Amino acid sequence: MRGKTFIITMACLLAVTAASISAFAYGRFVGNIITKWEDDGRYMTLVESFEYIDGNGRSWKVPGGVRVDGASIPSIFWPIIGGPFEGKYRNASVIHDYFCENRKRSWQDVHRVFQEAMLASGVDRAKAYVMYKAVEEFGPRWEEPRIDPKCLKPNGKFNFDNCTQDSAVTPGKVSNPHIGKKELEAFTEEMKSVASPEDVQTLRALAEQSK
């Protein structure tokens with residue numbers, strides 16, 4: 001009896017350890033999202049700063065006072081998640097929204113961290129991948145951030161956030177790929193072997209409704 005109890009205890013410990021290692025690999029959040037809805041019913045304002053440390057130890061900090069509205073995720077894909085600030089998606093959406101606005105990091109990195117932050121929040125792997133591909137293919141894009149020459153050193157090391165010149169000063173450079181019926185059909189075809197049957201059905205319905 002003691003032998004069985006020991007085996008069960010060890011199995012539980014191994015399961016907890018594996019889950020902890022997996023969560024750590026995806027990074028971690030620092031603090032909690034505390035917000036207030038604005039009177040327009042669309043924007044939320046962060047009352048306190050909020051931070052995500054990715055799996056490589058890189059900080060993605062959103063300062064208090066920032067307004068977010070989930071617009072960095074194309075609204076046509078909201079039916080898949082129910083809304084960018086609902087459930088497990090909220091933390092990742094706030095990070096994604098802010099860095100799509102200040103654009104001090106490449107659009108590729110910003111979209112990738114959206115996926116990682118979703119996984120860290122416990123979003124299903126398949127759904128996190130579908131939403132990552134949705135923002136990668138149809139989300140905002142901008143020019144590569146420029147580095148202040150004063151920060152450049154022989155060893156090539158610098159504080160990225162302090163030394164990157166905010167590309168948001170040139171908003172006309174931001175582009176959003178077209179999302180039409182043809183594009184959604186191609187995206188659905190691409191995702192059908194990964195996404196859940198329900199999400200594939202939703203994507204097909206979205207394509208049918210599009211022009």
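**Entry 1: Asp97**

I looked up the burial of Asp97 in this predicted model and found a relative accessible area of 5%, so Asp97 is buried (under 20% relative accessible area; exposed is over 50%, partly exposed in between, with a 1.4 Å probe and protein chains only). Asp97 belongs to helix 3, residues 90-102; helices (H or I, at least four residues) and strands (E, at least two) are DSSP runs numbered from the N terminus. Leaving aside residues up to four places away in sequence, I list Val68, Asp69, Gly70, Ala71, Ser72 and Phe85 as touched by Asp97 (heavy atoms within 4.5 Å).

**Entry 2: conventions**

I note that residues are numbered from 1 along each chain as its sequence is written, and that side-chain values use heavy atoms, without hydrogens and water. Local features need pLDDT of at least 70 and side-chain atom pairs count only at pLDDT 80 or more, whereas totals for chains, interfaces and linings use all residues.

**Entry 3: strand 4 and its partners**

I examined strand 4, residues 50-53, and found both faces covered: Phe50 and Tyr52 are buried on one side, Glu51 and Ile53 on the other. In a regular strand the side chains alternate between the two faces of the sheet. Strand 1 (residues 28-30) runs antiparallel to strand 4 and is joined to it by three bridges; strands pair if DSSP finds at least two bridges between them. Arg28 has Ile53 of strand 4 as its bridge partner. Strand 5 (residues 59-62) is likewise antiparallel to strand 4, with four bridges, and Glu51 is bridged to Lys61 of strand 5. Five residues lie between strands 4 and 5 in a hairpin, and Gly57 in the turn has a positive phi of about 85°.

**Entry 4: the sheet 2-3-6**

I traced an open sheet of three strands in the order 2-3-6, with antiparallel pairing. Strand 2 (35-37) and strand 6 (67-68) are at the edges with a single partner strand each, so one side of each lacks a neighbour in the sheet. Three bridges connect strand 2 with strand 3, residues 44-46, and Thr35 has Leu46 as its bridge partner in strand 3.

**Entry 5: helices 7 and 8**

I checked helix 7 (residues 181-191) against helix 8 (residues 197-209): their axes come within 8 Å and cross at roughly 165° (axes are lines fitted to C-alpha atoms over the stretch in contact, with angles from 0 to 180 degrees between N-to-C directions). The two helices are therefore roughly antiparallel (angles over 145 degrees; under 35 is roughly parallel, 65 to 115 roughly perpendicular, the rest oblique). Residues in the contact include Leu184 and Phe187 of helix 7 and Leu203 and Leu206 of helix 8.
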